[in-house]
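Morning, everyone. I'll take a few minutes on one structure. Please have a look at it on the screen.

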Amino acid sequence: MSEFKINNIIIPEELPVIALKNTVLFPKIVIPIIIQRPKSIGALEFAQTHNRLVLFVTQKNSEDDITRNDLFEIGTIGRIVSVFKLPDGSSKIDVEGLVRARVTNFVAEEPFLRVNAEPMALIIRDSLDEKAILRRAIEQFRVISEARSFPTILPEIIYMMSQLKDTEHIASLMTVNLNLEVENQQRILELESMLDILRQLNMYLSREVQILETEKSVVKETKKQIGKMQKELFLREQLKSIEKELGVDDEKDELVGIRAKIMSAGMPKDVQEKALKELSRLGKMPAFNPEGSYIRSYLDLLSELPWSKKTKEKINLKEAEKILNEDHYGLPKVKERILEYLAVQKQVGKLKGPILCLAGPPGTGKTSIGQSIARALGRKFARVSLGGLRDEAEIRGHRRTYVGAMPGRLIQGIQNVKVKNPVFMLDEIDKVGSDFRGDPSSALLEALDPQQNHAFSDHYLEVPFDLSDVLFVVTANRLDTIPPALRDRLEIIEFPGYTELEKFHIAKNFLLPRLFKDHGLKKRSLNFQDSAVMDIIRDHTREAGVRELERQLATVIRKITRKLVESSSTKTISVTKATVDTYLGPIKYTYDVAEQKDEIGRATGLAWTPVGGDLLSIEAIRMPGTGKLILTGQLGIVMKESAQAALSWARAYAARNGVKEDLRKEDIHLHAPSGGIKKEGPSAGIAITTTLVSLFLKKPVRKEVAMTGEVTLRGKVLSIGGLKEKVLAAHRAGIKTVVVPFDNKKDLIDIPKEIQRDIKFFFVKTMDEVLKIALR
């Protein structure tokens, strides 16, 4: 066995390991440590009977039961100076750090950890840079110690540092006495150059000095404020005594208090005049007048509204992007728009808030992204659900002439958050109704117009309130139910729904960790394999969002939690693709797959649904008749018209290509399977046309080809929507060739790169091009 010799101390290659919680041992420092865990006691006993040398490595977590993966790679070789046995079986030891060391190999884990370790020589150049930074660090350390911010820094430490010549010893002393977090101490321990260590220490010291200076200014300002408050308190007490001598009653005291709140509310001049006028009316009213309570409520609202109070924004684009990515996976367009808004806000300083409309299927994260936007902006968050709202007064408020009058939802939300620039979410704006009480969507026109909402009029307030600093975020599942005038004021950001891959990452990175925490499970208790997650996504959910996916995952975890609780001997349970059905039952959803052989009179189309894309089979047969076209499969009006156009073009094409039969004497039956599902839209046009041409020419359609596109009577192929979802469905079914309208070539940018590599795309302008690709 090879050995290392450091400072006349022979260090063997193989060493026992003691793991440290929330502590880092540094070279040339002696610290006390309590040893309690069995493995650590075993390592200590081994070291006592051999060379008293142990490798002390800090844990990445605070668990008692640890493995090699829970330890940092770099630690410190220490020499046991003394050992004192405690009554409870643990030991208190004093350890002297000798040299940094890197773990190169784990030799054993039982009965205690043993490793091969390689000492790390610290690079000390003794350059002018090192000397200058060291001098600066010692001076800042002295300033901190004199401020008594760290009671652990004794005067003897400062004196010792002034006498030491060993730079590494000085750096270690400063590090252990600064009360740094364990991660920061470990970062210093892992640095290989003294110059880098001193620079890192200087950064932490400079930060502490800045904090001290800020504390001094805060204390000074606080003393000043306290002096002012004491003076005001003294004057108020004098005023109370005078009023008591004069016989002023409690009602007058209340009016004085209301007046003080009005004067300190920061209202605009015209609003303050209105409030004082109402206060004057209240003062002249008899105590038994019922209108007095209404005026008091009104004045309380006026004085509580944040007329001039704002949340101070600290715009940091990188931090904002980090927050958005932490809370939500994907959604690049939403995140990009928020970051653009922040960038302009930072550049200009003042920007009228945009009205963002997040439109998409349920469960795609529209509502929760509002809270993330508020967190990224450093603003407060308010939310109002508009679903089922039918009364205009809910938006604009009731007039004060009515009993029980209240301000509208917008003003109430502003009052609750107590600032005038929150992120305000209006949820489910597409579900606003209207009846004899008015149209709430019309009342929203003023609030959601950046050119008008600086003077928003609430019937209850009777004075304008500035909403121009509010960042409104509205959500909707459908855009067609939003009135055109209101939709024109919204900046639409589409939520197209998540792909399978996006759902997989959301489940692994967001849903499962949250469910583990909610059910009190640790990661080692449950091994959820990737194939099982993907199986649940494909076979047990069919949605654009992830709500049903979260419910299914929660069902699995609940059943596993019960098993673990009932059986104390079971420590770990694995969920695989094969075992998913035992927890969730048989497969709930199936997807069409590519055909197994080429067939005449059958083509594969691509369909868009609210929960993603799917394959759409088109079948046709010929039979004697009178030239009728029979359509089945629950086709919509537009799709039926598309089939009629396709038949006309296909008959003409068949005649040009040598078909002698009189097609007017034959009926055509066109069917789209899955008859229980309604099908609509023109995008199946080229698939229907290909099916009919295949039938007339008696040529089979290639099984590996799927297609989408609208067809005209002239055989032109027009663009379609939902290309991303359709291509994902084709990829899932094993399709290798997809025919797409030429005008949709621009939409290829939305298709994930890995799918583009697996599928060959043909961009066509006419049906002749389609048939060359699709027919044998």
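Does Phe 761 count as buried or exposed? This is a predicted model, so keep that in mind. Phe 761 counts as buried, because its relative accessibility is 15% and the cut-off for buried is under 20%. Phe 763 is buried too, with a relative accessible area of 19%.

Now the aromatic pairs. A search of the whole structure finds six of them. Take Phe 424 and Phe 472. Their ring centres are 5.8 Å apart and the planes meet at 35 degrees, so this pair is tilted. The pair links distant parts of the chain. Phe 424 is in strand β11, Phe 472 is in strand β14, and 48 residues separate them. Phe 424 is buried, at 1% relative accessible area. Phe 472 is buried as well, also at 1%.

Back to Phe 761 and Phe 763. Here the ring centres are 6.3 Å apart and the planes are at 15 degrees, so the pair is stacked.

Next, charges over rings. Arg 400 places its charged end over the ring of Tyr 298, 3.8 Å from the centre. Lys 765 does this with Phe 742, at 4.5 Å from the ring centre.

Pro 361 lies in the loop between β9 and α12. Gly 365 is in that loop as well. Pro 361 is buried, with 15% relative accessible area. Gly 365 is buried, at 18%. What does Gly 365 contact, leaving aside neighbours within four places in sequence? His 328, Phe 495 and Tyr 498.

Notes: Residues numbered from 1 in each chain as written. Predicted model: local features only at pLDDT ≥ 70, side-chain atom pairs only at ≥ 80, totals over all residues. Heavy atoms only, no water. Helix = DSSP H or I, 4+ residues; strand = E, 2+ residues; numbered from the N terminus. Buried < 20%, exposed > 50% of the residue type's maximum accessible area, 1.4 Å probe, protein only. Contact = heavy atoms within 4.5 Å. Phe/Tyr/Trp six-rings, centres within 6.5 Å; stacked < 30°, edge-to-face > 60°. Lys NZ or Arg CZ within 6 Å of the ring centre and 35° of its normal.
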